[in-house]
Amino acid sequence: MLDRQVVQEFLESQMEDIGLTVPADIDQAAFVEVFCQYTEDDYYEWLKDNFKSFFDEVDWEWVREKVRSVGNQETT
């Protein structure tokens with residue numbers, strides 16, 4: 001799901017900013033993959049939580065207004 005190259009560049013930049021380096025005995029590609037899997041797992045849980053709250057007592061009128069708003073943004 002995540003673009004591994006983009007994630008690698010992000011990690012390198014962010015880690016450099018805080019002075020953190022990956023230990024030499026940890027493969028860079030494997031490290032990126034572990035971070036991606038961690039992020040994707042968390043993202044899936046976040047989606048499930050938001051799905052539950054969105055549909056708990058769904059306000060279809062609010063949804064219609066948002067859909068109209070998005071439709072108006074696409075045509076401008």
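Helix H2 is among the elements that cover the buried residues of helix H1. These buried residues are Val7, Leu11 and Met15. Seen down the axis of H1, they fall within an arc of 55° and so line one face of the helix; the arc is taken from the directions from the helix axis to the C-beta atoms. On the other side of H1, Glu16 and Asp17 are exposed. Buried stands for under 20% relative accessible area, exposed for over 50%, and partly exposed for values in between (1.4 Å probe, protein chains only).

The model is predicted: local features need pLDDT of at least 70, side-chain atom pairs count only at pLDDT 80 or more, and totals for chains, interfaces and linings use all residues. Residues are numbered from 1 along each chain as its sequence is written, and side-chain values use heavy atoms, with hydrogens and water left out.

The two helices (DSSP runs of H or I, at least four residues, numbered from the N terminus) are as follows.

| Helix | Residues |
|---|---|
| H1 | residues 4-17 |
| H2 | residues 28-56 |

The 14 residues of H1 should span 20 Å at 1.5 Å a residue, and the end C-alpha atoms are 20 Å apart, which agrees; the expected span is 1.5 Å times one less than the number of residues. At the N-terminal end, Asp3 caps H1, with a side-chain oxygen 3.0 Å from the backbone nitrogen of Gln5. Just after H1, Gly19 takes a positive phi of about 70°.

Gln28, in H2, is partly exposed at a relative accessible area of 30%. Neighbours within four places in sequence aside, Gln28 is in contact with Gln8, Glu12 and Val22 (heavy atoms within 4.5 Å).

Definitions and conventions. A polar contact is a pair of N or O atoms within 3.5 Å; within protein, one must be able to donate a hydrogen and the other to accept it, and residues adjacent in sequence count only if both atoms are side-chain atoms.
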